[in-house]
Amino acid sequence: MKVLVTGGAGFIGSHIVDLLIKNNYEVCIIDDLSHGNIDNINSKAKFYKYNIKSSNLINIFKIEKPEVIIHEAAKISVSDSIKYPIKDAETNIIGTLNVLEAARKTNIKKIIYSSSSAVFGKAEYFPIDENHPLNTISNYGVSKQASENYLKVYKELYGLNYIILRYSNVYGPRQKSSGESGVIPIFCMKILKDKSPFIYGDGNQTRDFIYVKDVARANLLSIQNNLSGIFNVSSNKSISINQLFKYISSILNKNISPIYKRKINGDIENSLISYKKIFNELGWKPKYTILEGLKETIEFYKKR
Ligand SMILES: NC(=O)c1ccc[n+]([C@@H]2O[C@H](COP(=O)([O-])OP(=O)(O)OC[C@H]3O[C@@H](n4cnc5c(N)ncnc54)[C@H](O)[C@@H]3O)[C@@H](O)[C@H]2O)c1
């Protein structure tokens, strides 16, 4: 089966491509390299340096004739989306719509879309399940939610099957120290250089981190069945930023103190996302504990 992965030169997309190729899928990638890295691209994948907003996007679909699309390409910075909402929407809404139009016109069977727990915003209860109200507090969250809505309507109108995966905070090798959950690469890089990283607020705020290889496996399972629907992809475990700092310091065997700074406005306090639905329907659950994932991640940053 041939799979087209948008954003396949990026952090998560490149791990998905690697896993697909390992499982004997034929893979082509569309990425404009605006945030991705050419070194992330698997040599067995066909690569198009292309913008998903291009009016010629459909030509690649016509040439490659993929059966499934995994759509990862996006602007991922929440803070940029707040500063430049139009830029965010141009890629995350119009770009996604352009992908959907190309998919519909070339009779693609199914699309897997990378959404985000950012659509939930301020939590009303924990753990957050797929039925939790969508109270997003960022333009990025709005753009992810808008794309989700288009996918639902495209299924109704044109029969395009979809799976929406709402990732919690993804981490692992190849992640840049910017973006949605850059805290782990920032901590690793700083502590490796014997520098103190900043912690915003008192560090007791919690996050639900999920290892990138587990996220890639959720995408693989999503193309191996006939379901349509929305699924959280998370660890269902929350860890405080202080605890995370301690784990990374102890794996690196360093004794450094963080510098505490004022809390960032609009930062959510706690996050804990349930993966019960994807476990029940697709049999997915994370394989990596946070310590196992951190050890692999740290090995990657040590080599850089
Ligand atoms: N990293 C996380 O914690 C996280 C959490 C939830 C959801 N997500 C979603 O997962 C997806 C992948 O995120 P990531 O962390 O790997 O980010 P990333 O920036 O590493 O990957 C995105 C890729 O898309 C490419 N891209 C951006 N705009 C493009 C355009 N107009 N045309 C073609 N390519 C374009 C970039 O060059 C990059 O390679 C995104 O949709 C993101 O919103 C990420």
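Which residues are closest to the ligand? Among the 31 that surround it, they are Phe11, Ile12, Asp31, His35 and Tyr140, where a residue counts if one of its heavy atoms lies within 4 Å.

## About the model

This is a predicted model, in which local features need pLDDT of at least 70 and side-chain atom pairs pLDDT 80 or more, while totals for chains, interfaces and linings use all residues. Residues are numbered from 1 along each chain as its sequence is written, and side-chain values use heavy atoms, without hydrogens and water.

## Around the ligand

Let's start with the polar contacts (pairs of N or O atoms within 3.5 Å). A polar side-chain atom of Lys144 sits 2.9 Å from a ligand oxygen. Polar backbone atoms also take part: one of Ser34 is 3.1 Å from an oxygen of the ligand, and one of Val170 is 2.9 Å from a ligand oxygen. On its own the ligand has 810 Å² of accessible area, and the protein covers 98% of this (Shrake-Rupley method, 1.4 Å probe).

Strand E5 gives the largest share of the shell, three residues.

Six of its seven residues are buried, so E6 is largely enclosed by the rest of the structure; buried means under 20% relative accessible area with a 1.4 Å probe, protein chains only.

E5 (residues 110-116) runs parallel to E6, joined by seven bridges, with Tyr113 opposite Ile164. Strand E11 (residues 229-233) also pairs with E6 in the parallel sense, over five bridges (pairing takes at least two DSSP bridges). Here Leu165 stands opposite Phe231.

Technical notes. Buried < 20%, exposed > 50% of the residue type's maximum accessible area, 1.4 Å probe, protein only. Helix = DSSP H or I, 4+ residues; strand = E, 2+ residues; numbered from the N terminus. Polar contact = N/O pair within 3.5 Å; in protein donor to acceptor, adjacent residues only side chain to side chain.
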